[in-house]
Amino acid sequence: MPEVDLVPERGARPSGLYQLVLLKFLRNRVALFGLCCLLLLLLAILFAPQVTPYNPIEKNTPERNQAPSRLHPFGTDKLGRDILSRVLYGGRVSLQVGFLSVGLAVIISTPLGLIAGFFGGIADNGIMRVMDLILAFPGLILAIWLVSLLGSNINNVIIAIAFFSLPTFSRLIRGITLSIREMEYVMAARGMGAGSLRIMFFHILPGVLGPMIVLTTLGVSGAIVAGASLSFLGLGVRPPTPEWGAMLADGRNYLRTQWWMAVFPGMTITLVVLLLNIIGDALRDALDPNVRA
Amino acid sequence: MSQYILRRIAIAFPMILAVTTVVFVMLRVALPGDPAQIMAGDRASPEQIEIIRRKLGFDRPVVEQYLIFLRNFAGGDLGRSVKFREPVMGVIARAFPFTATLTVLSVTVGTTIGLVIGIITAVYQRTWVDNIGIVLTVFFFSIPTFWLGLMLILIFSVGLRVLPVQGTGTWRHFVLPVTTLAVGQSALIARLTRSSMIEVLSTDYVRTARAKGLARRRVLLRHALRNTLIPVITVVGLSVGGLLGGAVITESIFGLPGVGRLAIDAISNRDYPMIQGAVILVAASFVFVNLIVDIIYAFVDPRIRYA
């Protein structure tokens with residue numbers, strides 16, 4: 001019988017799941033390119049005052065309604081404001097809505113999903129039926145209603161979007177929790193005397209993390225669109241604050257004469273959403289053991 | 001089978017009851033301000049407000065209001081719209097056909113295109129066809145409806161002048177809104193079909209079918225497609241349910257007087273009976289569509305019935 005060497009080779013460190021995932025993600029050239037583009041765009045938005053020479057809010061009547069040119073790559077609007085500058089400044093609002101609402105949804109739905117999946121029974125039924133109930137309401141109308149009830153401002157837009165994203169997140173977390181709960185290592189932890197809280201947060205949560213990151217990435221792009229949709233319909237930010245959806249709503253009235261007013265803000269939203277979706281897809285592939293690198 | 005269907009129906013009813021209750025609570029209890037005051041307007045005298053309050057039953061205890069509301073709802077009476085000055089049901093019944101047409105057409109067109117793209121990209125996995133498909137679908141998946149709608153108007157109505165911008169007169173009015181919604185739908189279905197098909201193609205029974213010497217086409221369309229469709233059905237159901245009440249943006253861009261726009265207008269007009277009616281009906285139709293999906297599900301996948 002050949003001797004089996006059970007001691008791993010020196011220097012060959014056992015790599016964790018997330019190291020493998022990261023490696024697989026980095027090998028995906030499209031995703032890597034997407035990530036770089038997104039980071040560049042985020043930097044431009046973050047440092048908008050340094051990047052653009054124009055004020056996004058002040059009127060500049062002599063330069064109004066200009067088509068795209070070298071001085072104004074995205075043209076100017078009816079008040080003479082540079083649209084590129086407004087797009088960059090507007091990104092601050094849109095990204096804030098996207099990230100904060102998803103963050104809020106994750107913070108609330110993680111414990112809910114864990115509890116529902118782990119304890120089952122009444123807790124599961126109670127939580128999931130409430131989620132079903134939220135899901136039964138038409139998302140955007142619900143958000144519009146909530147914002148008009150609570151008052152039209154950015155914070156309430158964030159709350160409304162977070163609220164109607166709750167079911168998606170808690171369902172996912174519950175589903176994964178259900179499958180992990182039955183695994184042998186969880187049983188082992190229980191056998192060693194670990195309490196429910198400890199098992200939930202130290203043994204199950206790490207397993208939930210991967211799919212959560214994917215859903216969060218895709219969720220942010222969804223939330224950005226939802227936020228822009230609300231301001232497109234006139235809820236949320238007030239003029240003259242630049243915001244992508246509001247700029248589109250404005251440009252919509254000038255499609256015949258100043259097409260650039262609607263084209264560029266929308267193109268930017270599409271680009272950001274596209275990049276986030278590409279990254280999310282790549283993360284999902286990286287986490288999926290069935291997909292080869 | 002019939003037991004399964006009955007059980008599903010039994011779950012749907014409390015759901016609709018819960019929806020109506022939530023809407024009631026949101027409108028009557030959680031709402032800041034006095035609805036009668038808001039409906040009467042700023043210049044109304046206290047007497048006028050009192051009349052409205054009495055007319056709408058707001059002067060009675062909340063529990064009694066709730067019971068009356070439920071009794072009326074069960075009888076198909078959702079109250080009178082403040083703005084339209086006629087029964088809410090009638091106003092919604094006029095708007096519903098537009099939304100239903102838009103939903104059915106865009107989901108049908110989008111799903112068909114999505115299925116074709118999904119099957120082709122799954123079959124030609126890891127070739128240039130697949131790559132083009134993936135790029136195209138992630139792009140279509142990412143375009144927000146409001147921008148796509150505006151761009152379609154810019155190209156086909158303003159630029160080429162071949163299609164009308166807004167309105168409802170002819171079938172030509174539906175081309176752009178249906179396209180707007182179908183693009184996203186097709187991308188969603190294509191992505192789902194592709195991954196589902198790839199999974200099915202790697203199963204043993206597909207290999208068996210091939211080993212038997214069946215034609216490739218037959219294996220794909222007869223054997224693999226059936227199981228591929230199972231998750232697709234759910235998503236199509238969710239799309240139908242969602243669009244019936246959620247085509248707000250598309251309806252507003254293209255000036256279609258559908259249910260979504262009705263709801264938005266009602267919210268901005270503070271037309272409470274109308275908001276109540278629209279939201280309840282939309283939510284109820286969502287629950288109903290899901291019920292139907294569950295029943296279809298049990299037909300196509302016998303495993304579900306016995307679970």
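Visitor: Is the crossing of α5(B) and α8(B) left-handed or right-handed?
Guide: The model is predicted, and local features need pLDDT of at least 70, side-chain atom pairs count only at pLDDT 80 or more, while totals for chains, interfaces and linings use all residues. Residues are numbered from 1 along each chain as its sequence is written, while chains are lettered from A and ligands numbered from 1 in the order in which they are written. A crossing is called left-handed if the near helix is turned anticlockwise from the far one by less than a right angle, and right-handed if clockwise. By that convention, the crossing of α5(B) and α8(B) is right-handed.

Visitor: At what angle do helix α5 and helix α8 of chain B pack?
Guide: Axes are lines fitted to C-alpha atoms, for helices over the stretch in contact, and angles run from 0 to 180 degrees between N-to-C directions. The helices themselves are DSSP runs (H or I, at least four residues; strands are E, at least two), numbered from the N terminus. For residues 88-123 and residues 172-201 of chain B, the axes are 5 Å apart and the angle is about 35°.

Visitor: How many nonpolar residues are in the contact of α5(B) with α8(B)?
Guide: Two residues are in contact if their C-beta atoms, placed from the backbone, lie within 7 Å. Ala, Val, Leu, Ile, Met, Phe, Trp, Tyr, Cys and Pro count as nonpolar, Asp, Glu, Lys and Arg as charged, and the others, Gly among them, as polar. Beside ten polar residues and one charged residue, the nonpolar ones number 22.

Visitor: Are α5(B) and α6(B) roughly parallel or oblique?
Guide: The axes of α5(B) and α6(B) lie 8 Å apart at an angle of about 140°. Angles under 35 degrees count as roughly parallel, over 145 as roughly antiparallel, 65 to 115 as roughly perpendicular, and the rest as oblique. The angle therefore makes α5(B) and α6(B) oblique.

Visitor: Which element gives the most to the side of chain B that touches chain A?
Guide: The contact between the chains involves 32 residues of chain B and 31 residues of chain A. Elements giving two or more residues to the chain B side include α1 (2-28), α6 (128-142), α7 (145-159) and α13 (272-300). That side divides into 26 nonpolar, six polar and no charged residues. With six residues, the element that gives the most is α7(B).

Visitor: Which residue of chain A does B:Ala263 touch?
Guide: Residues up to four places away in sequence are not counted here. Within chain B, the partners of B:Ala263 are B:Ile275, B:Ala278, B:Val279 and B:Val282, and from chain A the partner is A:Ile141.

Visitor: Is A:Ile204 buried or exposed?
Guide: A:Ile204 lies in helix α9 of chain A and touches residues including A:Leu114, A:Phe118 and A:Ile180, apart from those up to four places away in sequence. A residue is buried if 20 or more other C-beta atoms, placed from the backbone, lie within 10 Å of its own, exposed if 12 or fewer, and partly exposed in between. Because A:Ile204 has 23 C-beta neighbours inside 10 Å, it counts as buried.

Visitor: What percentage of the residues in chain B is buried?
Guide: Chain B has 14 helices and zero strands, and its C-alpha atoms fill a box of roughly 85 × 55 × 30 Å along the principal axes. Of the 307 residues in chain B, the buried ones make up 38%.
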